[in-house]
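Subject: Two-chain model, handover and notes

Dear colleague,

Here is the model for your files. Please look through it first; my notes follow below.

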Amino acid sequence: MSAREVAVLGVGMHPWGKWGKPFVEYGVHAARAALADAGVAWTDVDLVVGGETVRNGYGGYVAGATFAQALGWNGARVATSYAACATGAQAIDTARARILAGLSEVALVVGADTTPKGFLAPNAGERWDDPDWLRFRLLGMTNPAYFALYARRRMDLYGATSEDFAQVKVKNAKHGLANPYARYRKEVSVADVLGSAVVSDPLHLLDICATSDGAAAVLVTSTEYAARHGLADSVRIAGISTVTPTFPNTVMDMPNLSTDSSLATGEPERTFKASIGHAAYEEAGVGPADVDVAEVYDLSTALELDWIEDLALCGAGEAEKLLRAGETTIGGRIPVNPSGGLACFGEAVPAQALAQVCELTWQLRGQAEGRQVEGARVGITANQGLFGHGSSVVLVR
Amino acid sequence: MSVTATPAIDGWFTTGPEPALVGSRCATCTTVYFPPAGGFCRNPACSGEEFERVELSRRGTVWSYTDAQYQPPAPYVPAADPYVPFALAAVSLPEGLTVLGQVAEGYGVGDLRVGAEVELVVETLYTDETGERSIWRWKPVVEMGEEADQ
């Protein structure tokens, strides 16, 4: 066991959906579930890290304290993280840093959100210096339009088809059927996807993930604490990557209007997305060949294929081959998104990266009923947040 | 577009018969930025603080493309009611960067492919109480031979 590991003693979630309740309620539900899962009393928690939500007023900006108060002030230290879609990974990284520094021992990491319907739009007001505002004002560039750019490149460069993208949805829908936390639990056919409206060519409505309410919580402790409580065999976090891009960032990233120029400096060694997984592998001391299961951020079906390559689970342009051969389905060589992924959940921004960790914890414990990847010992998550936030967590058992 | 149209944003592009994007070039390391940047050079190996405005190449190649079949949410301002879908392209320029833009009126995803050549034009984005507002757009360059086929 590496000295830089922390133990995941408990995980918990509130089912994803559109429940119309305050985010705090979801968060506390998930937190209590994680504590119960670990068998650890709330009064033992000495650090709370909250994932910030930007659409729920002041309570959302200080989410860590909001959850701590709702659970009943216990004097714990508190922190709040915000890294857009990568919020959860940054929050866990904060917890891990204090634990490894010996400053905290039992950390509760919570993310929860209540999300509006439809396109995610920027906050109100005129902001001529904010790319997230300008992209809508000057270009009408929505999130699905960025996803569509990546999808189209796969088609023109690698020969991907709309049927391939639809097949990702079919697979993930099947994976999520038995997941009690998934919002959509219904089989989907290729014809269903291709028959749904085109939102941004080539992506159909069913290629693009919805936005959801949801919450996830992870109880992280020092490995010494886990051993003292007879839980030395628990799942451990072996690596967390929260890397930023390396200049020049040459791939178009949401919400930017342009990339950096590589003319004066040359191309970077890795694209930003490839560097995210690379850093997680390096830290964990494992490689792509060791990975048994992956949870990747399928904001769109095609994006799942990009992530598979960015995690080096196959070469560039080979993800469709893997998909067509059933290798990314449970039972295949490298199952991807056994939880059902965002396709079955819809995105609850500050909770989503934590939900990935919850799923891999269940997978590595052998508790993922109805969707278990047999014998999984090493799992990796991948995700990216707006404005240069990498997110990848390696879990081992 | 009438000649009185004003750019939807100041200083990002020129108008006239040969419009171009306006970037900024670091006087120290020569890295080019669009939208034009000031202040501090973002190249981590450069401590430059002086920039000069430069017009970027008017032609580039398509990195990728898509369209907006549904009306984007505010602050997007629809140009017409009912809404008319438009195409979008990310275009790689000889200056080593890729720039997003809407695709010129009358062209859709069927007119584009990765690697195809496009040229910058300026067209009306929307009209509000202050008049017409213009924006840069990418227009497919039709080769002589292809034009004859159409």
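In what order do the three strands of the open sheet in chain B stand, and is the pairing parallel or antiparallel? The order is E3-E2-E4, and the pairing is antiparallel. Strands are DSSP runs of E with at least two residues, helices are runs of H or I with at least four, and both are numbered from the N terminus. Two strands count as paired if DSSP finds at least two bridges between them.

A note on conventions. This is a predicted model, in which local features need pLDDT of at least 70, side-chain atom pairs count only at pLDDT 80 or more, and totals for chains, interfaces and linings use all residues. Residues are numbered from 1 along each chain as its sequence is written, while chains are lettered from A and ligands numbered from 1 in the order in which they are written.

Chain B

Strand E2 (residues 22–26) of chain B pairs with E3(B) in the antiparallel sense over two bridges. B:Arg25 has B:Val32 in E3(B) as its bridge partner.

Overall, chain B has one helix and nine strands, and from the N terminus on its elements run β-β-β-β-β-β-β-β-β-α. Its C-alpha trace spans about 50 × 45 × 30 Å along the principal axes. Among contacts in chain B with a separation of 6 or more, 55% are between residues 24 or more positions apart; a contact means C-beta atoms, placed from the backbone, within 7 Å.

E7(B) is mostly covered, with six of its six residues buried. E7(B) runs antiparallel to E6(B), and five bridges join the two. One of the bridge pairs is B:Ala90 with B:Leu100 in E7(B). The hairpin of E6(B) and E7(B) has five residues between the strands, and B:Gly96 there takes a positive phi near 90 degrees. E7(B) also pairs with strand E9 (residues 131–140) of chain B, in the parallel sense and over two bridges. In E9(B), B:Trp138 is the bridge partner of B:Val103.

An unreviewed UniProt entry lists residues 54–122 of chain B as "domain: ChsH2 C-terminal OB-fold". UniProt positions are given in the numbering used here, feature names are shortened, and annotations may be inferred rather than shown by experiment. Over residues 54–122 of chain B the model is 0% helix and 45% strand, with the end C-alpha atoms 18 Å apart.

Chain A

Chain A contains 14 helices and 11 strands. Its radius of gyration (over C-alpha atoms) is 20 Å, close to the 21 Å that the globule rule (2.2 Å times the number of residues to the power 0.38) gives for 397 residues, so chain A is as compact as a globular protein of that length. The C-alpha trace of chain A spans about 55 × 50 × 45 Å along its principal axes. Buried residues account for 63% of the 397 residues. Of the contacts in chain A between residues at least 6 apart in sequence, 75% join residues at least 24 apart.

Nine strands of chain A form an open sheet with mixed pairing, in the order E3-E2-E4-E7-E1-E8-E11-E10-E9. Strand E3 (77–81) and strand E9 (293–296) of chain A are at its edges, each with a single partner strand, so one side of each is left without a neighbour in the sheet. Strand E10 (residues 378–385) and strand E11 (residues 389–396) of chain A pair in the antiparallel sense over six bridges. A:Ser391 in E11(A) is the bridge partner of A:Asn383.

The contact between the chains

The contact takes 40 residues from chain B and 32 residues from chain A. On the side of chain B that touches chain A, strand E3 (32–33), strand E5 (59–68), strand E6 (86–92) and strand E7 (98–103) of chain B each supply at least two residues. E5(B) gives the most, with six residues.

Regards

Note on methods:
Two residues are in contact if their C-beta atoms, placed from the backbone, lie within 7 Å. A residue is buried if 20 or more other C-beta atoms lie within 10 Å of its own, exposed if 12 or fewer, and partly exposed in between; C-beta atoms are placed from the backbone.
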